[in-house]
Amino acid sequence: MQFVDLCRQVGLLATASVAIDGSKFKAVNTRDKNFTRGKVERRRAQLEESVARYLAQLDTADRQEPSEELAAKTAHLRDKLVKLESAMQRLAAMEKLMLGSHDQQISLTDPDSRSMATSGRGSGAVGYNVQVAVDTDHHLIIAHEVTSTGSDRAQLANIASRAKDVLGVDKLEAVADRGYYSGEEILACDMAGITVTLPKPMTSGMEAKGRFGKQDFVYLSDEDVYRCPAGEKLKYHYTNEEDGQQLRRYLDQCMP
């Protein structure tokens with residue numbers, strides 16, 4: 001707060017406009033000490049596979065002629081099975097704790113950290129998602145918050161409101177990337193006096209199928225027609241305005 005006051009005094013915060021983004025920070029918690037439902041299932045499958053392999057080796061050993069070497073090998077296999085059984089019991093205990101948590105995830109070293117996807121495909125890290133709002137002129141940090149949620153989808157209104165409070169303004173402009181797009185968050189910002197600019201993500205799979213999506217059709221209210229990508233106009237006939245409104249609502253629902 002003192003930093004913001006100083007920046008305001010020297011005229012660096014003349015514009016009530018911020019840019020918002022999140023950054024992933026690693027926690028002091030290895031991935032091996034973080035448990036999610038998927039990780040537990042994969043680890044159990046690995047352990048069961050190992051148990052089946054050692055049991056098969058024991059069956060093979062039982063059909064062989066006894067020898068000191070075979071006895072040593074058998075003892076070694078039985079020792080591995082004991083250790084696997086112990087690992088299965090520990091995994092079951094971790095699963096119980098994991099399922100009992102509010103988000104079905106636990107971290108043993110840093111309990112507040114969470115497993116989060118990163119920019120690399122198939123990669124992830126255990127850490128935090130730090131939300132930051134900076135002024136758009138000089139990129140000075142106005143507000144920040146450390147969160148345990150990997151997605152930015154539900155963070156927009158909170159961090160924007162924090163920035164607005166810190167700046168002490170009645171109105172604020174905020175920009176963010178498509179990862180923040182959420183109707184509920186945009187509405188909350190609007191109600192708080194925050195004007196948001198961000199792109200809408202393309203969630204429809206129509207383009208991948210070679211088909212047009214809703215965004216490719218334009219409704220021309222003065223003519224009461226839809227214009228398709230080829231420039232052709234499509235008009236629906238209905239008996240009254242109420243039927244027309246219902247039809248438009250239906251089209252909005254049907255178009256992806």
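Student: Which residues of strand S7 lie on the covered face, and which on the uncovered one?

Tutor: In strand S7 (residues 172-175), Leu172 and Ala174 form the covered face, while Glu173 and Val175 form the uncovered one. Strands here are DSSP runs of E with at least two residues, and helices are runs of H or I with at least four, numbered from the N terminus. In a regular strand the side chains alternate between the two faces of the sheet.

Student: What should I know about the source?

Tutor: This is a predicted model, in which local features need pLDDT of at least 70, side-chain atom pairs count only at pLDDT 80 or more, and totals for chains, interfaces and linings use all residues. Residues are numbered from 1 along each chain as its sequence is written, and side-chain values use heavy atoms, with hydrogens and water left out.

Student: In which sense does S7 pair with S8, and over how many bridges?

Tutor: S7 and strand S8 (residues 194-197) run parallel and are joined by four bridges; strands pair if DSSP finds at least two bridges between them. Leu172 has Ile194 in S8 as its bridge partner. From S7 the chain passes through helix H5 (residues 183-191) to S8 in a right-handed β-α-β crossover, meaning that the path from the first strand over the helix to the second runs clockwise with the strands pointing away from the viewer.

Student: And S1?

Tutor: Strand S1 (residues 17-26) pairs with S7 in the parallel sense over three bridges, and Ala19 has Val175 as its partner in S7.

Student: Changing topic, what is the strand order in the open sheet of three strands?

Tutor: The order is S9-S10-S11, with antiparallel pairing. The edge strands are S9 (218-220) and S11 (233-234).

Methods:
Buried means under 20% relative accessible area, exposed over 50%, partly exposed in between (1.4 Å probe, protein chains only).
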